[in-house]
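Here's a walk through one protein model, with the cut-offs spelled out as we go. Have a look at the sequence and the fold, then read on.

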Amino acid sequence: MLSSGLTLIFSMMGVLNFAHASFYMLGAYVAYAVTGVVGFWPALLLAPLIVGAAGAGFERLVLRRVHKFGNVAELLITFGLSYVVLEVVQLVWGRTAVPFSPPAGLQGSAFTVVSTAGQGMSLVLGKAPAEVCAAAVACSTFPLTRAFMMAVALLMLLALWLLLTRTRVGLVIQAALTHAEMVEALGHNVPRVMMLVFGAGCALAALAGVIGGITFVTEPNMAVIVGSIIFVVVVVGGVGSLAGAFVGSLLIGLLQTLPLTVDGSLATLFTSWGWRITPETLGYPLLRLSLAQVAPILPYLLMVLILIFRPRGLLGTRDE
């Protein structure tokens, strides 16, 4: 969900928005404040609109003035904005987590995977009855909030794809990136288009923040947790490609989670490949690291390999 908004800003506008994760955090806190007044479901729509309007105003008043100085100036100004947003959030809501719970309609389990001896696995909608789990080998529940997150992410991807490929607005946005003078000569206000694109990207980040806030923990550090990984997703998937952002998100998610289930070390992996591991070579600390321990660096290692062998990414359409 975050990579979709960053694809709009970074890929379509060419703006290095280092504050994208801060808009994600701001969306969660704004939704938390609005929920106390009008409820969660109106806040789900109002928070992205508020944050998107703030992002559009920032582009109009600040970012546009430094655009002529190049990408380094844009990077520095958005990097500074991330610190400003963090300090404002801590000043208003404090440094500890806030109790932002999901609404009653999103509490509970979407489905339960029941594993029974001799019958394999079966799927039960909602939470399986206690007597079913008592007779089963294992019962694994899938939270309703995560199912809601997946549904919104897919709808967001579909909506963005339709907007950019099937509407006149999408054609103007893509043309304004590479042929701004021609688009302006046809009567379109290119600065206003860029302002709206930046605001839309911030609104998508805020929408992800609202859902992430009720699914995980709403705290000031939530921006730091996802700040770097979303750039990895966009780079691996491919700059300028929504499909690449989707594929990159799935790939990075698998790289972050699947190795956590493996207890073997690198020495075990090399042994399965036919390499001879002696007690002397096991003295190297690197070979004793388990795959679960090296899982956090795997996405960044993949990004380095992508930049070396395919700089435009898996499904990228641009070379920069």
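How many of the nine residues of α11 are buried? Nine of the nine are, so α11 is largely enclosed by the rest of the structure. Buried here means under 20% relative accessible area, with exposed over 50% and partly exposed in between, using a 1.4 Å probe and protein chains only. The buried residues of α11 include Ile229, Phe231, Val234 and Gly237. Just after α11, glycine 238 takes a positive phi of about 125°.

A word on where this comes from: the model is predicted, so local features need pLDDT of at least 70 and side-chain atom pairs count only at pLDDT 80 or more, while totals for chains, interfaces and linings use all residues. Residues are numbered from 1 along each chain as its sequence is written, and side-chain values use heavy atoms, with hydrogens and water left out.

Zooming out, the protein chain has 15 helices and three strands; these are DSSP runs numbered from the N terminus (helices are H or I, at least four residues; strands are E, at least two). Of its 320 residues, 44% are buried. Take the contacts (heavy atoms within 4.5 Å) between residues at least 6 apart in sequence: 72% of them join residues at least 24 apart.

Now for the largest pocket, which holds about 1,400 Å³ of space. It is lined by 33 residues, and the closest to its centre are Met1, Met149, Phe216, Ser249 and Gly253. On a 1 Å grid over the protein atoms alone, a pocket is an open set of points where a 1.4 Å probe fits, with protein on both sides within 12 Å along at least five of seven lines; lining residues have an atom within 4 Å of a point. Helix α12 (242-257) gives the largest share of the lining, nine residues. Among the other elements that each supply at least two are α1 (2-13), α6 (144-166) and α11 (229-237). The lining divides into 24 nonpolar, seven polar and two charged residues.

Conventions. Points joined across faces, edges and corners; volume = space filled by probe spheres on them. Nonpolar A, V, L, I, M, F, W, Y, C, P; charged D, E, K, R; others polar.
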